Amino acid sequence: MSTDEREADRRARFEELARELIDPLRRFLARRTDPATADDVLSDTLLVCWRRQDDVPDNALPWAYGVARNCLANAQRGERRHLRLAAKISVVAPPDQATRAPDAADDVLLEAMAALRPEDAELLRLWAWEQLTPAEIATVLEVSPNAASIRLHRAREKLRDELRKIQQESGHEQSREGSGS
Amino acid sequence: MSDEHDELRARMRAADPASSLPRSDPDRVARLLEDIMSDTQTAEPRTDGTPKRSPLIWLAAAAVVVILAGAGAFAVMNRGQDSRTPTASPQDSTTTTELRAPGAGATTGRCLPPSAEALSGANIAFDGTVEKIDNDLVTLRTTHWYAGSPTDLVTVKGPSQELQQLLVAVDFQDGGRYLVAASNGGRVMVCGFSDEFSPKLQQLYAQAFGQ
């Protein structure tokens, strides 16, 4: 194969890979950052995939999520350090400009997610939104599958606890409001 | 237990902020991929510290060379001049306009969404169907001219690697219908200006050239 042919082959393989990855990556990023940052990080992520094409495993998506996660962390470290606290506080609530949640926003759920540790909330997002298996979550987070499985189990328990807590509290509030005015 | 999990997962999924994210626009995807692949391609051999190109620099840089030939009778090379006048061969009634692929690295930098305003700067623009793809030559038979003096055929010629870049950028397929624009120097405009025929792109061409 000539150099040109190899280059063309490399391009063709990348295009195929990228077309598979783009929409899942866009959703991944839309769930975690504002649209402008999402666009930048999508480019960065695909550039890494292009440069490291030979390292991409067969099940490319979890690996690519891991890359996107690192690229996003870099972008946020570099440019938005001062916003990190805010991001931490509203872990799950996407920034204002991010794609809107469905109309009937589940405020209770969002509040419960926000009350979790960021690591736990991220595990749950990978599980519920990206719909990954514990083994795939392990690839994204670069931990062992066993650790991912255990942490996911705990994170779900914590989320349930938070949901219960909030529901109880809001129950009280409603009764207060009812009797107050 | 697993029902409980399913329920929790379903509740989270219902709150997925990306559920209303529209599918990616194929034109934007094509430009993005082109951008990425050319970025590395030029970044690697480029060790001379050449500064990063600004957004539409390739458009300005594109004004270089036009080759106009009539059935190989002669070729005229003009630099930096408007030389869109096609040359008909005295022997052959088939007229051909020759265009060039953008130079390697021409697509480095980000593409802006194609606008009628930017497109109107093109002095060659046509609607045509790919008749033939050879190693370094794509031949299109034109059906409609938006700008430039009409010829029957248009060939896009370039060094192989550059053409590869163009093939990726425009994705010329044998038999496919395309809208193609070239700027002052006869270099094909990529970044979504030249692309497979679509009503949307046709509208942009019509708008740009007042048709």
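**A tour of chains A and B**

Begin in chain B with strand S7, where Leu153(B) is the bridge partner of Arg141(B). This is a predicted model, in which local features need pLDDT of at least 70, side-chain atom pairs count only at pLDDT 80 or more, and totals for chains, interfaces and linings use all residues. Residues are numbered from 1 along each chain as its sequence is written, and chains are lettered from A and ligands numbered from 1 in the order in which they are written.

Next, select S6(B) and strand S7 (residues 153-157) of chain B, which pair in the antiparallel sense over five bridges; strands pair if DSSP finds at least two bridges between them. Strands (E, at least two residues) and helices (H or I, at least four) are DSSP runs, numbered from the N terminus. In the hairpin of S6(B) and S7(B), five residues lie between the strands, and Gly148(B) takes a positive phi near 95 degrees.

Ala125(B) stands opposite Ala147(B), and a hairpin of two residues joins S5(B) to S6(B).

Then display the contact between the chains, which takes 35 residues from chain A and 27 residues from chain B; residues are in contact if their C-beta atoms, placed from the backbone, lie within 7 Å. On the side of chain B that touches chain A, helix H1 (2-14), helix H2 (26-43) and helix H5 (160-170) of chain B each supply at least two residues.

Note on methods: Two residues are in contact if their C-beta atoms, placed from the backbone, lie within 7 Å.
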